[in-house]
Amino acid sequence: GINFFEVYSMTADGTNQTRLTDNSVYDGMPSVSARCNKIAFVSTRDGNYEIYTMNTDGRNTFRLTNNNSYDFSPKWSPDGSKIAFCSHVDGNGNIYIVDPDGTNLTRLTDNVADDDCPDWSPEGNQIVFSSTRNGGGKELFIMNADDTNQTQITSLGHDNYQADWSPDGQKIVFMTDKFTNGGTYDIATINVDGSNLQRLTSHFAHDEMPEWSPNGNKIAFFSSILASEEIHVMNIDGTDI
């Protein structure tokens with residue numbers, strides 16, 4: 001069950017799987033810093049969903065957030081100076097950023113909808129996120145890292161979220177149930193201006209949580225295409241899963 005997720009690391013071919021957390025609560029949603037020396041993650045070890053950091057060997061755990069709400073989806077900025085995340089501390093989902101030492105907490109979005117699942121552009125000057133602010137499910141938006149110029153880039157209906165910005169800055173990969181009319185989730189890419197929507201997966205299963213490889217040549221994702229839920233890797237055009 002979800003209460004017993006742990007954080008692991010492995011090499012890109014699936015070997016050397018190492019357990020980094022070890023307790024009877026939820027530890028998940030890991031994000032590795034650009035220098036590969038820290039991992040931000042979500043844990044319920046103190047009673048509710050909070051954001052923590054730790055070394056990549058699982059040591060030196062540090063709690064970043066401290067409230068009675070739901071804090072989740074942390075993502076490191078490219079230079080490692082900030083962590084973006086979603087919090088329900090004000091009653092609904094909004095995007096925040098914070099320094100890795102827990103200081104300079106700043107709220108970026110402020111509306112009655114749910115804004116969540118942020119990710120940084122490679123330059124660190126923009127953030128992509130999903131929002132329900134216009135109704136009809138979650139759509140993708142891009143804003144400057146100072147919260148200005150919030151612009152909707154998808155109008156697909158249904159739910160489109162868990163976006164990840166490509167290393168070359170040109171595309172965004174995300175999960176969507178548009179192609180199944182609200183059924184299973186697929187992985188898709190879109191240009192940052194909202195053009196050139198491309199469906200990458202088409203299974204009778206959920207494909208979720210896509211992430212670009214640092215060199216931009218592969219996309220890792222979570223899928224239940226097999227009997228169990230496993231991590232897969234594919235080319236950026238959806239081939240060679």
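Strands E7 and E8 (residues 83-87) run antiparallel to each other and are paired over four bridges. Keep in mind that this is a predicted model. The pair belongs to an open sheet of four strands, ordered E7-E8-E9-E10, with antiparallel pairing. E7 (71-76) and E10 (106-107) sit at the edges with a single partner strand each, so one side of each has no neighbour in the sheet.

Cys86 is buried, at a relative accessible area of 0%.

Now over to Tyr52, which has its place in strand E5 (residues 50-55). Is Tyr52 buried or exposed? It's buried, with a relative accessible area of 3%. Leaving aside residues up to four places away in sequence, Tyr52 touches a set of residues including Ile39, Phe41, Arg45, Thr61 and Leu64. Asp46 and Phe62 are also among the residues it touches. With Asp46, the side chain of Tyr52 makes a polar contact of 2.3 Å. Phe62 is 10 residues away along the chain, yet the C-alpha atoms of Tyr52 and Phe62 are separated by 5.4 Å.

| Residue | Relative accessible area |
|---|---|
| Cys86 | 0% |
| Tyr52 | 3% |

Methods
Residues are numbered from 1 along each chain as its sequence is written. This is a predicted model: local features need pLDDT of at least 70, side-chain atom pairs count only at pLDDT 80 or more; totals for chains, interfaces and linings use all residues. Side-chain values use heavy atoms; hydrogens and water are left out. Two strands pair if DSSP finds at least two bridges between them. Helices (H or I, at least four residues) and strands (E, at least two) are DSSP runs, numbered from the N terminus. Buried means under 20% relative accessible area, exposed over 50%, partly exposed in between (1.4 Å probe, protein chains only). Contact means heavy atoms within 4.5 Å. A polar contact is a pair of N or O atoms within 3.5 Å; within protein, one must be able to donate a hydrogen and the other to accept it, and residues adjacent in sequence count only if both atoms are side-chain atoms.
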